Amino acid sequence: MAGEAETVTAADYIKHHLQSLTSVVDVTQGQGLRNIADFSFVNLDALFFSVVLSAIGCFFLWRAANTATAGVPGRAQAAFELLIEFVNDMCKSIISNEESRKVVAPLGLALFVSIFLMNAMDLLPVDLIPRIWQGMTGEHHALMRVVPTADLNISLALAIGVLITCIVYSVKIKGFGGWMHEMFTAPFGNKIFLYPINFILNILEFLSKTVSHGMRLFGNMYAGELVFLLIALLGGAWATTWYAPDLLDPIMFIFHILAGAAWAIFHILIITLQAFIFMALAFVYIGQAHDHH
């Protein structure tokens, strides 16, 4: 979009970067661009990056497990061992059922690594991958969002996956009849006139936990994405407004670099913390499925 720097406003720039790719395009000689697949109901970029990054995370975990040695571990093996031990200890402190931990602990580890990698895409320059995609397709205003967790669909999908796991363990631990009995009798007691109230409250609890679980991750990553876009706009303002053929004002350039570096360093903490919080809440919610009322 460098050729249209004079006409594109800051609002247009941000709006463009917050739009998702929903159709696949193809370049045909002499015909320009044409849609070869239209998935208006699916954000293809978020789906693609979430699947690829999750696969990469699982591959690294598999690779670490298969290359682990009994001797003195290398730095990579030591880092993975510390991470695995940390996740196992947290899972053990929340979920008392040993059989459940054999599944839930690896699930939590996979969630943490996958979400961390998805969040880390925010550290890439905001125009890098969109420009690469633009060059591949030839489309002038190519759409490409690269942070899957900044897409509400992906964050809620992860939270719904945790909800389904909670329901599965509720049925597995208590039996379907026991779970249904709990849905109608907790929290106010086993009274027939209280059954509808209890059931509605339990449904609302499931919904509120799931929505807040996904919205917390989405909100933090969406806000971080916006800050990076504003910093990118600061660099654009320096390049267009503060530039003169015989004079290059260094103040805006230095401020742009410092602001971007400072926010990126701080954002490393945010992307790690959000992955940890999502994993920890997944453990808490699945642990609640083991509780009897």
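## Exercises on helix packing

Among contacts (heavy atoms within 4.5 Å) in the protein chain between residues at least 6 apart in sequence, 71% join residues at least 24 apart. This is a predicted model: local features need pLDDT of at least 70, side-chain atom pairs count only at pLDDT 80 or more, and totals for chains, interfaces and linings use all residues. Residues are numbered from 1 along each chain as its sequence is written, and side-chain values use heavy atoms, with hydrogens and water left out.

**Exercise 1.** Classify the packing of helix α3 against helix α4.

*Solution.* 
- Locate the helices: α3 spans residues 75–94 and α4 spans residues 98–120.
- Take the geometry: the angle is about 125 degrees, and the axes lie 9 Å apart.
- Classify: α3 is therefore oblique to α4. (Under 35 degrees is roughly parallel, over 145 roughly antiparallel, 65 to 115 roughly perpendicular and the rest oblique.)
- List partners: Leu83, Ile84, Val87, Asn88, Cys91 and Lys92 of α3 meet Arg101, Val104, Ala105, Gly108, Leu109, Phe112 and Val113 of α4.
- Sort them: the contact holds 9 nonpolar, 2 polar and 2 charged residues. (Ala, Val, Leu, Ile, Met, Phe, Trp, Tyr, Cys and Pro count as nonpolar, Asp, Glu, Lys and Arg as charged, the others, Gly among them, as polar.)

Definitions and conventions
Axes fitted to C-alpha atoms, helices over the stretch in contact; angles between N-to-C directions. Helix = DSSP H or I, 4+ residues; strand = E, 2+ residues; numbered from the N terminus.
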